[in-house]
Amino acid sequence: MKMTISPSLAKDAGLALSREIAALFLEWGATVFVDEKTGAFYQGLPVVCAEQNRCFEGADFAISVGGDGTFLKTAHLATPHGVPVLGVNKGTVGFLTEVEPDELHELRRLLTGEFKIEQRMMLQARVRRGRRTPYTGVAVNDISVHRGASTRLLHVQVASDGSFIHRYRGDGIIVSTPTGSTAYALSAGGPIIDPRSNCIEVVPVAAHTLGIRPTIFHSNARITVTPLIEEGRDATLLADGAAGFLLLPGDVVHIRRDRTPVLVVRMKPDSFYEVVRSKLQEGEGHEAQTT
């Protein structure tokens with residue numbers, strides 16, 4: 001069985017936890033692949049160091065070691081290859097992770113089949129600039145359009161399946177999957193949605209328009225976001241918080257459900273809402289300790 005370990009150097013200092021995970025899988029008879037750029041951290045272990053893309057080709061599972069950001073990065077690498085992702089938490093909150101550092105024994109269940117795989121929808125965004133499409137991207141959590149360096153409000157027009165929905169004035173707008181409802185959309189006042197649901201959520205950010213509320217659309221809706229960029233204003237598109245794409249006057253962002261789902265490994269019987277409650281309480285406790 002081929003396991004690919006995808007860690008965060010920032011979260012897993014010295015890759016100590018990743019090394020421990022690799023040693024366990026090797027002990028259990030699995031083959032472990034790691035990115036050649038991090039191979040030196042696994043010195044003394046018979047892991048296979050390979051180019052990043054090759055690590056995911058033909059893998060049975062991808063193990064993300066870090067926080068939710070690491071999970072998202074791993075999902076973007078694993079999903080094109082149809083590889084399920086399991087998250088080991090080394091972050092602060094970790095809504096997307098499944099196993100805590102003191103639960104590494106649970107990883108053996110990947111070899112015994114004691115797990116389930118959930119399919120989570122992704123979003124695809126395309127930017128139309130006249131007849132050209134200068135940007136195409138996908139997101140596990142969300143696509144956001146927000147003002148860039150300008151301090152002036154951004155005006156954004158939203159339509160669904162060709163029908164005008166609303167014109168927002170504020171810092172921007174978030175188009176989120178159910179999985180992403182506990183991420184950026186939650187901080188902007190959006191509802192918590194069971195990640196197994198099939199829908200698309202649109203949440204305004206700091207809206208300066210009375211009566212504006214988050215809106216839920218069916219999963220096959222085609223959302224059109226048109227930033228009204230005038231002199232002194234600018235707008236940037238982000239997919240899962242990755243490097244932004246600068247939008248120009250006249251650009252139109254088309255967002256819809258992507259054809260390929262993310263495969264997420266689940267091992268625990270806990271309900272989603274129990275996890276949300278415990279994670280949010282942990283996050284509040286961490287904030288209290290650091291302020």
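Colleague: Is cysteine 199 buried or exposed?

Modeller: This is a predicted model, in which local features need pLDDT of at least 70, side-chain atom pairs count only at pLDDT 80 or more, and totals for chains, interfaces and linings use all residues. Residues are numbered from 1 along each chain as its sequence is written, and side-chain values use heavy atoms, with hydrogens and water left out. Buried means under 20% relative accessible area, exposed over 50%, and partly exposed in between (1.4 Å probe, protein chains only). Cysteine 199 has a relative accessible area of 9%, so it is buried.

Colleague: How many disulfides does the structure hold?

Modeller: A disulfide is a pair of cysteine sulfur atoms within 2.5 Å. The structure holds 0 disulfides. For cysteine 55, the closest cysteine sulfur belongs to cysteine 49 and is 8.0 Å away, which is too far for a bond. Cysteine 55 is also buried, at 1% relative accessibility.

Colleague: Where does serine 150 lie?

Modeller: Helices (H or I, at least four residues) and strands (E, at least two) are DSSP runs, numbered from the N terminus. Serine 150 is in the loop that runs between β9 (142–147) and β10 (154–160). Its relative accessible area is 11%, so serine 150 is buried.

Colleague: Which residues is serine 150 in contact with, leaving aside its neighbours within four places in sequence?

Modeller: Contact means heavy atoms within 4.5 Å. With those neighbours left aside, serine 150 is in contact with Gly232, Arg233 and Asp234. Serine 150 and glycine 232 are 82 residues apart in sequence, yet 6.8 Å apart in space, C-alpha to C-alpha.
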